[in-house]
Amino acid sequence: MAEFNDVHSGTEMPEGDDAKCSFHNRMFLEPQEKKRSVKALVVKQAKKSCSCTPAKVKDYVFSFFPVLQWLPKYKLREYLLGDIMSGVIVGVLLVPQSIAYSLLAGQEPIYGLYTSFFASIIYFIFGTSRHISVGIFGVLCLMVGQVVDRELQRAGYDLEPDALSVLTDTAAYVNTTISPVNQTSQELLCDKSCYAITVGATITFIAGVYQVAMGFFQVGFVSVYLSDSLLSGFVTGASFTILTSQAKYLLGLDIPRSSGIGSVIATWINIFRNIHKTNICDLITSFLCFLVLIPTKELNEHFKSRLKAPIPVELVVIVAATLASHFGKLRETYGSSVAGHIPTGFLPPSPPDWNLIPNVALDAIPIAIIGFAITVSLSEMFAKKHGYSVKANQEMYAIGFCNIIPSFFHCFTTSAALAKTLVKESTGCRTQMSGVVTGLVILLVLLVIAPLFYSLQKCVLAVITIVNLRGALRKFKDLPKMWYLSRVDTVIWIVTMAASALTSTEIGLLVGVCFSMLCVIFRTQRPEAPLLGWVADSETYESLSAYKNLQTKPGIVVFRFEAPLYYINKECFKSTLYKQTGVNPVGVKTAKKKVAKRMLREKEVDSGVNETSISMDFVSEPLGFHTIVIDCCAVQFLDTAGICTLKEVCRDYREIDVQVLLAQCNPSVRSSLIRGEFFKEGEDHLLFHSVHQAVDFALGSQGRSGNSASK
């Protein structure tokens, strides 16, 4: 049987009391045999992937379409009532939000209803979560809207209305005689609304393709780089941009939508420049809607445990505002901006504009990642709460198809949304059958009710959008608690929030990811590295700086480095070790050499005996310790630079008669040390299972050396 001796010492087992001490320093471990044949692994994986059996095909189909697994097991009497109730309630809430968020995405209201309908039905087929509500999400609508506005300007739709109408009137005469040279020719084929949904559907299609590709290549790990604090800061920062984009509707101002870096500041400058043009009717309507929505929303949250279902105040406000606008003739009398004609039924499907893909492919990357990350995080959160599991890669397929398929039906990007998911869960949802009920509610609106919202003022939709931002903006109240729990997470939240609000959502997300990764690097670059003391009557060693009444063993220094040892922090490791021990072996060696040279010169010139004796005393001055034990329990891995650093430290200390012992190394670190030929430097390089064993060995070895010296 192969034996692995972590000690790597060539000394024989001593007898008597010394044997007692040496018992602690040996570990015999037999390593597991690892198959490192790449060819064998590739062949095995290929056979596994290429084999096709009826059972495997069935498993694949059932895993790709989760609805086939749970629908036959659906408990009609137990689940149906809760699913119907939650589906109806979410549908009632989703109708006004779909119409409102359409403005945020730069689209007509009908397209928001299309999006919510298709997302609910498709996730029912592909999703693995029983509770999340997939549909329109404000931050994604904002990101889509920014791309739509940019492409509209590129296509020439930022022209004045009069010039645009003249250009449209002459379209018929030039359409057949002039070949298009840029995207401005698109306005000859469809109006601004048509081109806007073309852009929105194209970026939705590309985002969905990215998400499906992420699922196919099983790169769900990408979401781990989006921490909770980063996502929270991003959503809060984007909420400022959403609020800013809707402010002009509250005042009834007709100003262009700013985009790019600093769009929030530019928009507010435009608002204040045009504030004298405020539509008083829209302003009063907005104020009244706030007075109704905010208190009612607060009551819903305060009494959510007592209410069987939340009060659908948004729907009530929309119905009341539509009736008031229609019978009060607010558009004709006061010039209020209204939703306009919302057609019934569905438009015929059409493919995305393939020519637009190069323009929006880069913009779709953050949209795809944010949509996936939010969906998976919510799925896992509610699955853990209710005791079932979800598959992250299948969730990527689900949310990807919720974007790819609807993009052919004039829809824009979707993901899970926390607010609607909470409502769905609290109202009795048991399965995604509630999503089908929600889709039927929206379908009823699409087929029958939609045209009745013609007179609905846009300022009412803006108020609904802003009121739904309360949850994200309330995160500021949690900052003191977050700061108490983790200052690093708080700084990440603040940086991401500020970058998202002051620059743009895409840049804010990139800044947040880069900053959070830098924080991880900085924390490993300057980690904690305390000296340890012994807890009496135990085998435990803890930080001397953190706890009182710890004891130290004479002549032994115990040092813990609380981070991986690699090229970034190798100098920090050495400098901290030298500082904590109070001895720099390089400096001691240099001083000894200087003193030795001086002694040699003094002997040569027959200098006084007194000076020579002083120098000899300096050379032989004790350091105060004879052993350093390095506790490696927090060292997750070593790279080449880390191994060389340990070799260098051990060699330098050995040259000044100090032995260095390593304790509590994990298998990865032990393997790295063996591959790096760490133990071939000499017999003093010893490895121990615990700090206590290393200290016992150091005390025993010092006792043996003392006895041999006395003899």
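# Close-up views of selected contacts

**View 1. E298 is partly exposed, as its relative accessible area is 32%.** The model shown in this and the following views is predicted. The side chain of E298 meets that of R474 in a salt bridge, with an N to O distance of 2.2 Å. E298 belongs to helix α13, whereas R474 lies in the loop between α22 (470-473) and α23 (479-485), so this pair ties together parts that are 176 residues apart in sequence. R474 counts as partly exposed because its relative accessibility is 28%, a value between the limits of 20% for buried and 50% for exposed residues. R474 also forms a salt bridge with E301, in which the closest N and O atoms are 2.9 Å apart. This second pair again links distant parts of the chain, with R474 in the loop between α22 and α23 and E301 in helix α13, 173 residues apart. E301 has a relative accessible area of 37% and is therefore partly exposed.

**View 2. A salt bridge joins the side chains of K297 and E314.** The N to O distance in this pair is 3.1 Å. K297 is part of helix α13 and E314 of helix α14, so the contact ties together parts that are 17 residues apart in sequence. Both K297 and E314 are buried, whereas E298 is partly exposed at a relative accessible area of 32%. The model holds 16 salt bridges by the criterion applied. Elsewhere, salt bridges link R150, E151, R154 and D363 in a network.

**View 3. I280, L283, I284, F287, L288, L291 and V292 make a nonpolar surface patch.** The area of this patch is about 660 Å². I280 lies in helix α13, which covers residues 280-302. With a relative accessibility of 53%, I280 counts as exposed, because the limit for that class is over 50%.

**View 4. Y60, F64, F65, F126, Y397 and F401 form one aromatic cluster.** The count for the model comes to 28 aromatic pairs. In the pair of F64 and Y397, the ring centres are 5.4 Å apart and the planes stand at 65°, so the geometry is edge-to-face. F64 lies in helix α3 (residues 54-64) and Y397 in helix α18 (residues 392-404), so the pair ties together parts that are 333 residues apart in sequence.

**View 5. Two basic residues, R130 and K553, lie over aromatic faces.** R130 lies over the face of Y388, at 4.2 Å from the ring centre. K553 lies over the face of W534, where the distance from the ring centre is 3.9 Å.

**View 6. K329 and Q664 have positive phi angles.** Most residues other than glycine have a negative phi. K329 is not a glycine, yet its phi is about 50°. K329 is placed in the loop between α14 (313-328) and α15 (330-334). For Q664, also not a glycine, phi is about 60°. Q664 is found in the loop between β9 (659-663) and α30 (667-675). A relative accessibility of 31% means that Q664 counts as partly exposed.

**View 7. G340 and P451 bring together positions 111 residues apart along the chain, with their C-alpha atoms separated by 8.6 Å.** G340 lies in the loop between α15 and α16 (357-360). At 13% relative accessibility, G340 counts as buried.

**View 8. Residues 79-101 and 229-251 are among the spans that an unreviewed UniProt entry annotates as "transmembrane region".** The end C-alpha atoms of residues 79-101 lie 31 Å apart, and this span is 100% helix and 0% strand. For residues 229-251 the end C-alpha atoms are 34 Å apart, with 100% helix and 0% strand. The annotation in the UniProt entry also covers residues 121-144, 194-217, 356-376, 397-419, 439-469 and 490-518.

Terms used:
Residues numbered from 1 in each chain as written. Predicted model: local features only at pLDDT ≥ 70, side-chain atom pairs only at ≥ 80, totals over all residues. Heavy atoms only, no water. Patch = residues over 30% accessible without salt bridge, like charges linked within 9 Å, V, L, I, M, F, W, Y side chains within 5 Å. Areas by Shrake-Rupley, 256 points an atom, 1.4 Å probe, with all protein chains shown as cover. Salt bridge = Lys/Arg side-chain N within 4 Å of Asp/Glu carboxyl O. Helix = DSSP H or I, 4+ residues; strand = E, 2+ residues; numbered from the N terminus. Buried < 20%, exposed > 50% of the residue type's maximum accessible area, 1.4 Å probe, protein only. Phe/Tyr/Trp six-rings, centres within 6.5 Å; stacked < 30°, edge-to-face > 60°. Lys NZ or Arg CZ within 6 Å of the ring centre and 35° of its normal. UniProt positions renumbered as here; feature names shortened; annotations may be inferred.
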